[in-house]
Each structure stands twice: as structure tokens, then as C-alpha cells.
Amino acid sequence: MLSFKLVYSDDYYLPIGQHVFPAEKYRRIRDRLLGAEAAGPEDFLTPELAKDEDILLVHKPDYVHKLKTGTLSTREEMQLEVPYSPELVQAFWLAAGGSILAARQALEDRVAISIGGGFHHAFSDRGEGFCMINDVAVAIRRMQHDGRIRRAMTVDCDVHQGNGTASIFAGMRIPTKPLPSWSAPVLGRSSVEQIPPAGRNDKSRENEADTTELDTPDSGDPQAAVRHAHDRDVFTISLHQQNNYPAWKPPSSIDVDLPDGIGDDDYLAWLDNALSSGLRQFEPELICYIAGADPYKHDQLGGLALTLEGLQRRDELVFKVARVRNIPVMVTYAGGYAHNLEDTVTIHCNTVLAAKNVFARPLA
Ligand SMILES: [Zn+2]
């Protein structure tokens with residue numbers, strides 16, 4: 001039995017027919033976890049549909065009305081890039097319900113994973129890029145509305161920028177200065193004790209926290225551009241491939257625009273860097289981790305080069321940072337378009353194993 005819950009429903013399946021988005025992955029993940037005895041039936045919780053009033057905490061009434069009455073314009077439906085149906089609307093309401101349940105459960109158990117969700121391209125007034133409803137934003141607003149939390153941080157590690165999330169939680173950009181940097185090799189294999197590395201925690205560094213140019217790894221690795229913006233009650237971090245959808249990337253609190261083809265070590269250094277910087281500036285009561293599977297080197301829609309192992313180390317890094325700082329973390333899965341669907345399933349199952357590894361062990 002796991003020390004945390006997995007949120008899942010067969011109805012997470014998106015009825016979109018033949019599509020690059022492998023909607024059957026959710027059931028396959030559940031089946032693989034059970035088959036491998038990585039989880040038992042008792043570890044799963046079944047979500048309920050989000051209520052319309054939950055959806056309306058984030059989305060504009062006009063947009064919700066169009067979804068519920070099937071009156072999107074042709075253009076709006078094309079932007080979604082999935083075929084509209086009332087059943088699809090139900091599936092997105094359920095994804096939002098799953099994220100609400102995962103958020104609530106994470107506040108109880110320190111971590112919870114929804115085997116779905118992460119539809120980060122949905123804006124308050126429209127959907128795009130396979131995303132109709134921003135389930136993570138709905139969950140955050142619901143937790144805030146219920147008085148469970150005041151401040152949340154999104155950590156979006158999908159290969160595509162979280163444009164909808166950035167827009168929904170848009171804050172005011174402020175002028176900033178560079179942070180110090182360190183090299184990728186500093187990061188040992190999943191060694192959270194090194195976060196942040198020695199010398200980065202002193203007061204003079206803290207005073208530099210309002211910065212824009214995040215550090216470049218010192219090792220001559222490919223350069224990534226980092227942009228900062230501030231927010232009020234939700235701090236958004238997105239690590240994504242610069243040369244990829246969406247073309248227009250509204251500012252997150254921290255955006256790490258990664259170059260094409262970046263591999264495990266560089267990616268982990270940037271992630272570590274962004275987490276350290278974000279948590280220096282902001283104290284969330286909940287981390288919402290969007291564990292996209294598409295930074296994988298064999299992804300059809302991604303241009304980064306992470307390995308299966310690197311992606312699991314990524315998950316462990318996020319979990320270790322959250323655990324060390326005692327911040328509850330809820331997980332959603334987002335995209336994954338590997339040439340071989342089984343790889344996408346493996347990446348998502350490994351996220352559960354990573355949580356198991358990190359949260360089952362005593363703190364060193
Ligand atoms: Zn994606």
C-alpha cells in the first residue's frame with residue numbers, strides 16, 4: 001500500500017478518436033501500476049465531476065456556457081485541436097474534479113497524484129492545444145476558495161510552455177537582476193542535499209532574489225533564456241522548449257526557455273535552479289507539479305532529449321525539494337506523445353515510483 005493516493009477514473013479517457021494524444025494512456029498507466037504491483041486497488045481514489053461553480057472560479061461564464069451548450073465557433077473548436085462533444089466536456093469536468101481531489105489529498109498526505117489532468121493550455125476564456133479546462137488552475141482556486149491554502153506554486157515540466165496557466169495567474173513583471181549560477185555536474189544523482197549548493201543561501205544572495213536573468217550552467221552547456229515575472233497568490237514556473245508551441249508565451253513568474261535537444265543533466269540543473277529561485281521569492285502552501293512526459297527524447301511533439309531515467313530523476317528532484325521544505329505537492333500528468341506509447345506509460349508510471357522513493361524514505 002502506498003503512503004499517498006492516486007486519483008483515477010476510467011472516464012478520464014478523452015473521446016477524441018484517432019489522435020496524436022493517446023487518450024487510452026490513463027487506463028494503461030493504471031493497469032501497469034496494478035500489474036507490476038507498484039500500487040494496489042486500495043491506493044486509488046475515484047474523482048467526481050467538478051461543479052460548474054468550481055470551473056467558474058477560473059473560466060469566464062460565456063466560455064463555460066458555450067461548452068455546455070455546444071456553441072463554440074468553428075474557430076474556437078479548431079483552436080482546441082480536439083473534436084468537441086458533450087462527452088468531451090464531461091471528461092474535462094472530471095479532470096478538474098480529479099485535480100481538486102488530488103490537491104485536497106496532497107494537503108492531507110503531503111503528495112497525491114492524479115493519473116490525468118495537466119491541461120495547461122486552457123485560458124480563462126478559451127481552450128487550445130488539446131486543453132478545454134485548466135484543471136490545475138481550477139484546483140488551486142478551489143483550495144483557496146475553501147480556505148485550505150492562500151498561496152500555490154505551479155511547476156510545469158511539460159515540454160510546451162504553460163501559456164494558459166501563465167495567463168490565468170498573470171502578475172506584474174518587475175525589473176530584475178541576474179542570479180548566480182552553477183554547473184550541471186554539481187547536481188548529483190537525485191541528491192537533494194545539494195539544493196541549493198553551498199554558498200547560494202547567504203543573505204547577499206537572498207537580496208538578489210528579484211532577478212530576471214537566471215543563471216546559465218557554468219559548463220559551457222547550451223544556453224537557456226529565463227524570464228521572470230511576479231504574481232500575487234500563485235507563482236508559476238514553466239520549463240519548456242523555446243522553439244515549440246505555443247508561439248506566443250505569456251510570461252510565467254519564471255519561464256525557462258530551453259534550447260532544442262537539451263539532455264538530462266542540463267535540464268535538471270535548470271529545474272533545480274528555477275525551483276531554488278522560485279522558492280527564494282515565494283512560500284507556497286501547495287506545489288502543483290505538471291509532470292509532462294513530452295520532454296522525452298523520442299517524443300513526437302517535443303524537441304528535448306531527456307531519457308526515461310532523466311525524467312524519473314526530474315520527478316524525484318521536484319518531490320525532494322517539496323519534501324525537504326515540507327510543502328505538499330499534487331501531481332498531474334499532461335502531455336506525452338512518444339513514438340512508442342509504452343514509453344509514455346513508463347514515464348508516467350515512473351512518476352509514481354519516484355514519489356514512492358522520495359516519500360517512503362526517512363529524510364537523510
Ligand atoms: Zn506538452
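A: One may begin with Y26, which has a relative accessible area of 2% and is therefore buried, where buried means under 20% relative accessible area, exposed over 50% and partly exposed in between, with a 1.4 Å probe and protein chains only. The model is a predicted one, in which local features need pLDDT of at least 70 and side-chain atom pairs count only at pLDDT 80 or more, while totals for chains, interfaces and linings use all residues. Residues are numbered from 1 along each chain as its sequence is written, and side-chain values use heavy atoms, with hydrogens and water left out.

Q: Why is F21 called buried?
A: The relative accessibility of F21 is 4%, so F21 counts as buried.

Q: What makes the pair of F21 and Y26 tilted?
A: Rings of Phe, Tyr and Trp (its six-membered ring) pair if their centres lie within 6.5 Å; planes under 30 degrees apart count as stacked, over 60 as edge-to-face and the rest as tilted. The centres of F21 and Y26 are 6.3 Å apart and the planes stand at 50°, so this pair is tilted. Ring pairs also link F21 and Y26 into a cluster with Y8, Y12, F44, F92, F119, F130 and Y337. The structure holds twelve aromatic pairs.

Q: How do you know that F235 and F282 form a tilted pair, and what parts does the pair tie together?
A: The distance is 5.3 Å centre to centre and the angle between the planes is 35°, which gives a tilted aromatic pair. F235 lies in strand β6 (residues 234-241) and F282 in the loop between α9 (264-281) and β8 (286-290), so the pair ties together parts 47 residues apart in sequence. Helices (H or I, at least four residues) and strands (E, at least two) are DSSP runs, numbered from the N terminus. Both F235 and F282 are buried.

Q: What makes D158, H160 and D294 donors of the zinc ion?
A: Donors are N, O and S atoms within 2.8 Å of the metal (3.2 Å for Na, K and Ca); water is not among the atoms, so sites may look incomplete. D158 (OD), H160 (ND1) and D294 (OD) coordinate the zinc ion at 1.9 to 2.2 Å. Along the chain, the donors follow the spacing D-x1-H-x133-D. H160, in the loop between β4 (152-156) and α7 (163-168), and D294, in the loop between β8 and α10 (308-324), are 134 residues apart and link distant parts of the chain.

Q: Why do H160 and D294 count as buried?
A: H160 has a relative accessible area of 6% and is therefore buried. D294 is at 0% relative accessibility, so D294 counts as buried.

Q: How do you know that β1 and β3 pair, and what faces does β3 have?
A: Two strands pair if DSSP finds at least two bridges between them. Three bridges join the parallel strands β1 (residues 5-7) and β3, with V7 opposite S114. β3 and β9 (residues 329-332) are also parallel and share three bridges; there, A112 has M330 as its bridge partner. Strand β3 (residues 111-114) is covered on both faces, with V111 and I113 buried on one side and A112 and S114 on the other.

Q: What makes the charge of R126 sit over a ring?
A: The criterion is NZ of Lys or CZ of Arg within 6 Å of the ring centre and within 35 degrees of the ring normal. The charged end of R126 sits over the ring of F123, 3.9 Å from its centre.
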